[in-house]
Amino acid sequence: MTTNIDNIPSSEIYDVIIVGSGITGGWAAKEFCEKGLKTLMVERGRPVEHRKDYIGEGVKTWQQPYRGKVAQNLVETQHHVQQQCYAFNDSTKHFFNNDQDYPYSTSEGTKFSWIRGNQLGGKSLLWHRQSYRWSDLDFEANSKDGFGTEWPIRYKDLEPWYDYVETHVGISGSKEGIPQLPDSQFIEAFEFNSVEKRIKENLEKIYDDRKLIMGRCAHLTKPAEHHVKQGRGPCMARNECQKGCSFGAYFSTQSSTLPAAQKTDNLTVATNSIVHSVIYDEKSKRATGVRVIDCETMATREYYGKIVFLCASTLGTTQIMLNSVSKTFPNGIANSSGVLGHYLTDHCYNAGATADIPGFEDEYYSGRRPTSLYIPRFQNILDKNPKFLRGYAFSGEAYREPWWEFNNKPGFGVDFKNNIKQGGGWKFRVHASGEMLPRYENSVKLHATKKDKWGIPQLHFNCGYSENEKSMMEHAAQSAAEMFKALGFKNIHAYTKDDPMGLVIHEMGTARMGLDPETSVLNGNNQCHDVANLFVTDGACMASSAWQNPSLTYMALTARACDFAVKELKAGRL
Amino acid sequence: MMKTKSDSQQQVPSQADLSRRSLVKGLALMFGGLLPASSLALAAQGYQGQADTLNRAGHLLSAKQLTLLKRLVDLIIPATDTPSAGALDVHGFIDNQLKHCFDKNSQNLFIAGLDKLERICRQMNGQAFSEVNTDAQVALLVAAEAGGKPCNVDDKAFFYQLKTLTLLGYYTSEVGATEELSYLAIPGGYRGDVPFAQVGKAWSLN
Ligand SMILES: Cc1cc2nc3c(=O)[nH]c(=O)nc-3n(C[C@H](O)[C@H](O)[C@H](O)COP(=O)(O)OP(=O)(O)OC[C@H]3O[C@@H](n4cnc5c(N)ncnc54)[C@H](O)[C@@H]3O)c2cc1C
């Protein structure tokens, strides 16, 4: 492998060019390299080396200049958007992009918070690792209620691919047999704490429509031999994952897919290489490569490949496609349908509740569990809620109030100090994770005049949550409060809030799959209807958002699309 | 009794704990010395408590304001078998934090809150905050926290900010995190049913 772009001869024709090195690009690289294809991975950001470049890892709070906070002038000048993300702090800030270099605009009266990690590894370094399968409840939702277009695939098409990626990644969780949340290939789940165990028992006694399960996540609780061979070790329960993990205990490009791809000698990586657009050949009706601008020198160059995989994140890919104009595609490559950039969704996490759990002062836990509990969706499954379509899950946990929550408690002095030391009371909190309806109006396009410093047109957003999401969040707040009451909790505080789209960082849908080339960009194999050798396997392909965290599904779709593309290549069709 | 640092890293090692600890140590070595070289550079810049903050002005606060602030943080987190907030220079930390992590408006509000507390004290007692007895000091802070007379909502907001910063400064310091509370840099795994008595003190990281 080389990361020195000067060494990469531009004239070489790769079997495949992958744009992006995050969760989906990493998977594409691993799959193609292992299948023997000469692969070029093009990444706009800087190289990040596993372990060596985790500069925030292991730094103690008292060693940090501002004890974890980021200096105000840095926030104002470079991170005014990124700082809205819960994971942004002094130990992680270098994995979030510099907002000054990555401008975008929004229509008047609308908001979108675009959280990005533009570096080798993309957001795989930053993600929260929650990993859930989707089910046919999700793949059939569009055709049942008429929002969005019919998904060209069903659960059975993805099932073997879920199995496949999960085995490599290592998903910790418990077998539950919940129809709307199919079980994964699990390694050992994290433990409940003793208070959570009681809550689970009570909750499942009171409600026969819901279960409280351990959050499924891409962490090696008990690494299998093939994980150890990847160079990965067990989770140490530090819960400081976003700083980078030298144990390789959580799945990232660096810990998992990149080393697998590198092992093959088929991978070339070009970092600091911004894909400006995809090159389209009118004669062959094929993509022949990508135009690149060097992030540092502004030099331009082209790379050529037989297949192009766009894995630049939902919005990154959409920007590239919209900017790839030609005679055939004046509005963006493979956009004869005109839906490219439309049907943008995120999830909606704008409701939740907290409460006190009386008692259990003698009980505690040890270690910092990097996942929480999960109550899978229980609405609109057999019943039909009159107020909203689709549904939400809850994430939550029971914990003892740490010192930083004592600023909300009255008092000070010796008793106050001793109370903190004795461990605060037990609390329970949940937040809703709701599905967002795919709607044409929620869209991005290229700004007519504004460009970034590399001369690439900026994305312009026009989107927001609709009444359906708002009603769903009200329902979630209410149902959380009811649940807490039934469980005997005290000081119940349920809330809804008004966070803008983007902050859940599950953006999807802007180059959707569909059966009909006139109303969708991709077919069921993530292949552009209009350009046979151009594929999109990041979240842009999703025809709806479901309610589960999406990245595991992106992984399965990517591996499946790679398999399809190689077969097509071998059959001489690409 | 004050525990030494290494003591507090090793609270109540049960047999299982000990074997887990050596496992963790082995893994840490195997996975290549968990502290990347460059993080040491970061560490060097960490705010370090200064012994003599009171003899000079801070970044934002005058020597006088710092003296008042030291007394306030000591009232919030006094000495027990571990040092008080003032003894760990939490007032100096707050000055530094205000300067670097707050906008002008919040800085001004904090300084105004500090000055106002001093003014109220003089109006009520005819003496500076540092001159009145502890009972009077505490009474004034109780009023500030509640926003009741002779204080108001502004003082309440100021006290909340002061308390938040005091807790941050104290419990993220090495003494606060590892001696006053329990701390494990690398827990080695999560266990969900540990008696509180076995840990003995709240975790500084949850
Ligand atoms: C704090 C946080 C928590 C999250 N938690 C979860 C979770 O619990 N579960 C879950 O499923 N998901 C979670 N996500 C979302 C998850 O990170 C993304 O879904 C996932 O990373 C998407 O993978 P991707 O490959 O499409 O994009 P990315 O991982 O973002 O990678 C895209 C890459 O493409 C590069 N790129 C972009 N444009 C160009 C260009 N023009 N030229 C060249 N390269 C380009 C980028 O620099 C980047 O490296 C979270 C995200 C964040 C930030």
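This is a predicted model: local features need pLDDT of at least 70, side-chain atom pairs count only at pLDDT 80 or more; totals for chains, interfaces and linings use all residues.
Local features need pLDDT of at least 70 and side-chain atom pairs count only at pLDDT 80 or more, while totals for chains, interfaces and linings use all residues; side-chain values use heavy atoms, without hydrogens and water. Residues are numbered from 1 along each chain as its sequence is written, with chains lettered from A and ligands numbered from 1 in the order written.

**View 1. The contact between chain B and chain A.** Chain B gives 72 residues and chain A gives 68 (contact: heavy atoms within 4.5 Å). About 6,100 Å² is buried between them, 61% of it on carbon and sulfur atoms (accessible area, 1.4 Å probe, that two parts lose on being put together, summed over both).

**View 2. A salt bridge between the chains.** Glu180(B) and Lys421(A) meet through their side chains at 3.8 Å, N to O. The count between chain B and chain A is 2 salt bridges (side-chain nitrogen of Lys or Arg within 4 Å of a carboxyl oxygen of Asp or Glu).

View 3. Strands are DSSP runs of at least two residues, numbered from the N terminus; they pair if DSSP finds at least two bridges between them. Tyr364(A) has Val194(B) as its bridge partner in E1(B).

View 4. For Arg129(A), the distance from a backbone N or O atom to a ligand oxygen atom is 3.2 Å. For Pro550(A), it is 3.5 Å.

Key:
Helices (H or I, at least four residues) and strands (E, at least two) are DSSP runs, numbered from the N terminus. A polar contact is a pair of N or O atoms within 3.5 Å; within protein, one must be able to donate a hydrogen and the other to accept it, and residues adjacent in sequence count only if both atoms are side-chain atoms.
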